[in-house]
Amino acid sequence: MAAEAGTLWYVIGPSGAGKDSLLAYVRQRLPADGRLMFAHRYITRPADAGGENHVALSLEEFDQRERAGCFALAWRRNGLAYGLGVEAALWLRQGLDVVVNGSRSSLPLAAQRFPSLRPLWITASPAVLASRLAARGREPAEAIARRLEEARAFTPPDGCAVLVNDGGLAEAGERLLDLLGLRASER
């Protein structure tokens, strides 16, 4: 893939860190210049499952789109298939910056495919992660324990911006806006 003119902000972090809430916060405060795009993920999860605004696909639909080359990046994690549509690569080539909720495990492949990738790690303390995961009510205690263990084992890659989201949404959301280069004077 040719070098992109725009920056791909690859947001990663453990489940329960608040990535979806923070990305929604930023989307509501975008500057009018239209230089920052948010890529929706294609996921084999029902549309009404909660969390991020995504394109829900059956596994058969996902596999068909993957075979047809509709994804710039695809991965599987926690029993689901995830895809980043080719539209994100088009936006980057047009000089737009793109934000995507990525996967820690797919970061090396994403960095290879997108030379302009800038990883942005969102995390929270173990106690906050545990509380948020339990409050979601989507997983049994064993799955939550597994996610917490994975979170402890993973560290942000070198050169990664880090945002610790243990406080209120507005506080962390404003820090994320700053990390994305969206200063208050630009909004």
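In this predicted model, the second largest pocket is lined by 14 residues, and those nearest its centre are Asp 20, Leu 23, Arg 27, Glu 52 and Asn 53. The space in this pocket comes to about 200 Å³. Its lining divides into 6 nonpolar, 4 polar and 4 charged residues. Two elements, α1 and β7 (97-101), each supply at least two residues of that lining, and α1 gives the most, with 4 residues.

The largest pocket holds about 730 Å³ of space. It has 36 lining residues, of which Ser 15, Lys 19, Asp 20, Arg 136 and Arg 138 are the closest to its centre. By class, the lining of the largest pocket consists of 9 nonpolar, 15 polar and 12 charged residues. At least two lining residues come from each of α1, β5 (71-77), β6 (80-85) and α5. Here too α1 gives the most, with 4 residues.

The largest nonpolar core has 25 residues, and the members that touch the most others are Val 26, Leu 36, Val 99, Leu 120, Ile 122, Leu 176 and Leu 180. Two or more core residues come from each of β1 (8-12), α1 (19-27), β2 (36-38), β8 (117-123), α5 (126-136), α6 (141-153) and α7 (169-179). Among these, α1 gives the most, with 4 residues.

Val 26 shows how parts of the chain meet in this region. Beyond its neighbours within four places in sequence, Val 26 is in contact with Phe 38, Gly 173, Leu 176, Leu 177, Leu 180 and Leu 182.

Which residues of α7 are buried? They are Ala 172, Gly 173, Leu 176 and Leu 177. These residues lie on the same side of α7 because they cover an arc of only 145 degrees around the axis. The elements that cover them include α1, β8 and β9 (161-164). Just after α7 comes Gly 181, which takes a positive phi of about 80 degrees.

Technical notes. Residues are numbered from 1 along each chain as its sequence is written. This is a predicted model: local features need pLDDT of at least 70, side-chain atom pairs count only at pLDDT 80 or more; totals for chains, interfaces and linings use all residues. Side-chain values use heavy atoms; hydrogens and water are left out. A nonpolar core is a set of buried Ala, Val, Leu, Ile, Met, Phe, Trp, Tyr and Cys residues joined through side-chain atoms within 4.5 Å. Buried means under 20% relative accessible area, exposed over 50%, partly exposed in between (1.4 Å probe, protein chains only). Contact means heavy atoms within 4.5 Å. The arc is that of the directions from the helix axis to the C-beta atoms. On a 1 Å grid over the protein atoms alone, a cavity is a set of points where a 1.4 Å probe fits but cannot get out, and a pocket is an open set with protein on both sides within 12 Å along at least five of seven lines; lining residues have an atom within 4 Å of a point. Grid points are joined across faces, edges and corners, and a volume is the space filled by probe spheres set on the points. Ala, Val, Leu, Ile, Met, Phe, Trp, Tyr, Cys and Pro count as nonpolar, Asp, Glu, Lys and Arg as charged, and the others, Gly among them, as polar.
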